[in-house]
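Reader: I have a structure open and some questions about it. Could you take me through them one by one?

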Amino acid sequence: MIKLDLNYAGDALVADMASSNEVRADVERAYTEMYEKSGQGSDFLGWVDLPAEISAEHLADIKQTAADFRAKSEVFVCIGIGGSYLGTRAVEEALKPMFASGSLGNPEIIYAGHQLSEDYLSSLLKYLDGKEYTICVISKSGTTTEPAIAFRLLRTHLTKKYGTADGRIVAITDCKRGALKNLATKEGYKTYIIPDNVGGRYSVLTPVGLFPLAVLGIDIEALVRGAVEMRDSVRVARPDFENCACAKYVLLRNILYRQGKKMELMVQYDPRLFYFIEWWKQLYGESEGKENKGLFPAGAGFTTDLHSLGQYIQQGERFFFETVLSLDSQEHTLEVPFAEDDADGMNFVAGRRLSYVNSKAEAGTCMAHSIEGGVPVVRFEIPRLDAKTTGALIYFFEYACGLSGYTLGVNPFDQPGVEAYKKNMFKLLGKQ
Ligand code: PA5
């Protein structure tokens, strides 16, 4: 389903992938640890088998509540941050029709609680004055500052507007602990549970992602099916370095890291993948960046950023490699029109589809960055952007992330460093 192309990776990397016995051995150990669930943080491996275990009843219940929310919303406000936000946004941006404004029964989604901007939330509250809306608040811990403040403001607004919050708020949180759980129980909000053994950034295929995506009318069954199929192919006891894209990806990024490439730049040539890369950045950054180790996950959108970061990528410091997400097909057909006067000089591509022009931009860029620029470039070939493929991609990068973290020798399922800013912020805010 998803292929890894090494044509622009450079001969040295391809040779190293065959001969790096030390890294291969570490990847093999990581495979065993993932397969046997015996590595660090393995009590957070609930997401590994979850897609295959989601019951039809559970999906039906999510879809029913979602249909009810759709029917009464022009706007659906989704509150959450980090792993309680980015997965939904990645899938939404990949699959929702572009430039579609919301209407009753087909709501637009607006995110909140993913930053602390006063102007953002003030403007949102004003916007909601004139809209029919519902809220979904997502926080596993139930104590995260950004979503908690946004939810306090939004639920106050909603209750004032409608006189009651009945049937307009869904909470997605831990089954027992946390302020959000207590509040949801007290107020009687419909609640979905995030399993204990699934961490935030691995939670998109739990109600965290499934409920909001269902409200948007996205085919969550197909999303889950894609993940299950991918699980069947990547979840094996030993890596197949010759044929498996997942094993190759984990191997090559760890080889490059040990050779001094400290950053992985993931790029797309279709803006629908912008938030997929944001999600990937969070997944890999929080999973691997610890103990003074880990590739820095960065992102770029081409051809847009070829007119900004492109100069650096071509000729700046050589401390990174590039991973391309390459889409094989587009849903629509649009040809460059012929112009009699050829005033803009574009007749050389007249009659060509835009996707053809884009594919040549991609090939030209891969050549420039790898051959002339000396940047190893690897390409994931993605057949199309539909719900099933997106589910498969999510599972692919989650599993590869666990494997890669274990290869690196860290716990890919905790995030102790995130506490540092909170501690200082709370102190500065005078929290007791
Ligand atoms: O991956 C993670 O665990 C984090 O990014 C969390 O998702 C994020 O901090 C939000 O946490 P919570 O859902 O508890 O509000």
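Predicted model: local features only at pLDDT ≥ 70, side-chain atom pairs only at ≥ 80, totals over all residues.

Reader: How far is the polar side-chain atom of T144 from an oxygen atom of the ligand?
Author: A polar contact needs a pair of N or O atoms within 3.5 Å. S84 places a polar side-chain atom 2.7 Å from a ligand oxygen. For Q282 the value is 2.6 Å, again to an oxygen atom of the ligand. For T144 the value is 2.5 Å.

Reader: How much of the ligand does the protein bury?
Author: Look again at Q282, with a polar side-chain atom 2.6 Å from an oxygen atom of the ligand. Now take the ligand alone: it exposes 380 Å². The share of that area buried by the protein is 89%.

Reader: What is the phi of K37 near?
Author: Find K37 in the loop between helix 2 (21-36) and helix 3 (46-53). Most residues other than glycine have a negative phi. K37 is not glycine, yet its phi is positive, near 55 degrees.

Reader: Is K37 buried or partly exposed?
Author: Buried means under 20% relative accessible area, and exposed means over 50%. K37 has 31%, so its label is partly exposed.

Reader: Is N292 buried or exposed?
Author: N292 lies in the loop between helix 12 (274-288) and strand 8. N292 also has a positive phi, near 60 degrees, without being glycine. Its relative accessibility is 85%, so N292 counts as exposed.

Reader: How far apart are the C-alpha atoms of M98 and S123?
Author: M98 sits in the loop between helix 5 (86-95) and strand 3 (108-112). M98 is partly exposed, because its relative accessibility is 46%. Along the chain, M98 and S123 are 25 residues apart. Their C-alpha atoms are separated by 23 Å.

Reader: Why does Y284 count as buried?
Author: Y284 is part of helix 12. The cut-off for buried is under 20%. Y284 counts as buried because its relative accessible area is 0%.

Reader: How far apart in space are Y284 and M17?
Author: In sequence these two are 267 residues apart. From C-alpha to C-alpha, the distance between Y284 and M17 is 21 Å.

Reader: What separates the C-alpha atoms of F319 and E419?
Author: F319 lies in the loop between helix 13 and strand 9 (320-327). At 27% relative accessibility, F319 is partly exposed. F319 and E419 are 100 residues apart along the chain. The separation of their C-alpha atoms is 29 Å.

Reader: Which strand holds C78?
Author: C78 has a relative accessible area of 3%, so C78 is buried. Its C-alpha atom is 17 Å from that of I220, which is 142 residues away along the chain. The element that holds C78 covers residues 75-79 and is strand 2.

Notes
Residues numbered from 1 in each chain as written. Heavy atoms only, no water. Polar contact = N/O pair within 3.5 Å; in protein donor to acceptor, adjacent residues only side chain to side chain. Areas by Shrake-Rupley, 256 points an atom, 1.4 Å probe, with all protein chains shown as cover. Helix = DSSP H or I, 4+ residues; strand = E, 2+ residues; numbered from the N terminus. Buried < 20%, exposed > 50% of the residue type's maximum accessible area, 1.4 Å probe, protein only.
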